[in-house]
Amino acid sequence: VIAANIFQLGSKSIEQVMQPINQIQMLPSNATVVQMRNLMLKSKDEYIPIYHKQHENIIAVAHPRDLLRAQDSKRVRDFACPPWFITQNSSLLEILR
């Protein structure tokens, strides 16, 4: 079953597995660690994109594990990772490598 599912990935397009940006919970670039923690309590997401001024301008991705020892008043983006971008033409198998 697992092998069959892996082979099916080759036939799926990125659009079939991507989540639209307007459905993703995000934080502004000036958000604090305590704001991220509060959002994560309500969210099932494993990470939170950080945007600057516009939701389409993703500047970082914050993972809860990166904030464990951070002070509540610090900015989330100071602990976040740089984003990586894909397009709808990207190969799903290439992304998973």
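**Hairpin.** I began with the turn between β2 and β3 in this predicted model. One residue lies between the two strands of the hairpin, and K53 takes a positive phi near 70 degrees.

**Strand pairing.** β2 covers residues 48–52 and runs antiparallel to β3, with five bridges between them.

**Sheet.** Next I traced the whole sheet. The sheet is open, has three strands in the order β1-β2-β3, and its pairing is mixed. I noted β1 (27–28) and β3 (54–62) as the edge strands, each of which pairs on one side only. Helix α3, residues 33–42, packs on this sheet and touches β1, β2 and β3. I read about 135 degrees for the angle between the direction of α3 and that of β2.

**Salt bridges.** I looked for salt bridges and the count came to two. I followed up one of them, in which the side chains of R37 and D72 meet at 2.3 Å, N to O. R37 belongs to helix α3 and D72 to the loop between β3 and α4, so this pair ties together parts 35 residues apart in sequence.

**Largest pocket.** The largest pocket holds about 900 Å³. I listed 23 residues in its lining, and those nearest the centre are M18, I24, Y47, W84 and I86. Which elements give two or more residues to the lining of the largest pocket? I found α2 (14–17), β3 and α4 (92–96). The largest share comes from α4, with three residues. Sorted by class, the lining of the largest pocket has 19 nonpolar residues, two polar and two charged.

**Cross-references.** I marked β3 as an entry to return to: β3 pairs with β2, is touched by α3 and gives residues to the lining of the largest pocket. I marked α3 as well, since this helix packs on the sheet and holds R37.

Key
Residues numbered from 1 in each chain as written. Predicted model: local features only at pLDDT ≥ 70, side-chain atom pairs only at ≥ 80, totals over all residues. Heavy atoms only, no water. Pairing = 2+ DSSP bridges. Helix = DSSP H or I, 4+ residues; strand = E, 2+ residues; numbered from the N terminus. Contact = heavy atoms within 4.5 Å. Axes fitted to C-alpha atoms, helices over the stretch in contact; angles between N-to-C directions. 1 Å grid on protein atoms, 1.4 Å probe; cavity = no way out; pocket = protein on both sides within 12 Å on 5 of 7 lines; lining within 4 Å. Points joined across faces, edges and corners; volume = space filled by probe spheres on them. Nonpolar A, V, L, I, M, F, W, Y, C, P; charged D, E, K, R; others polar. Salt bridge = Lys/Arg side-chain N within 4 Å of Asp/Glu carboxyl O.
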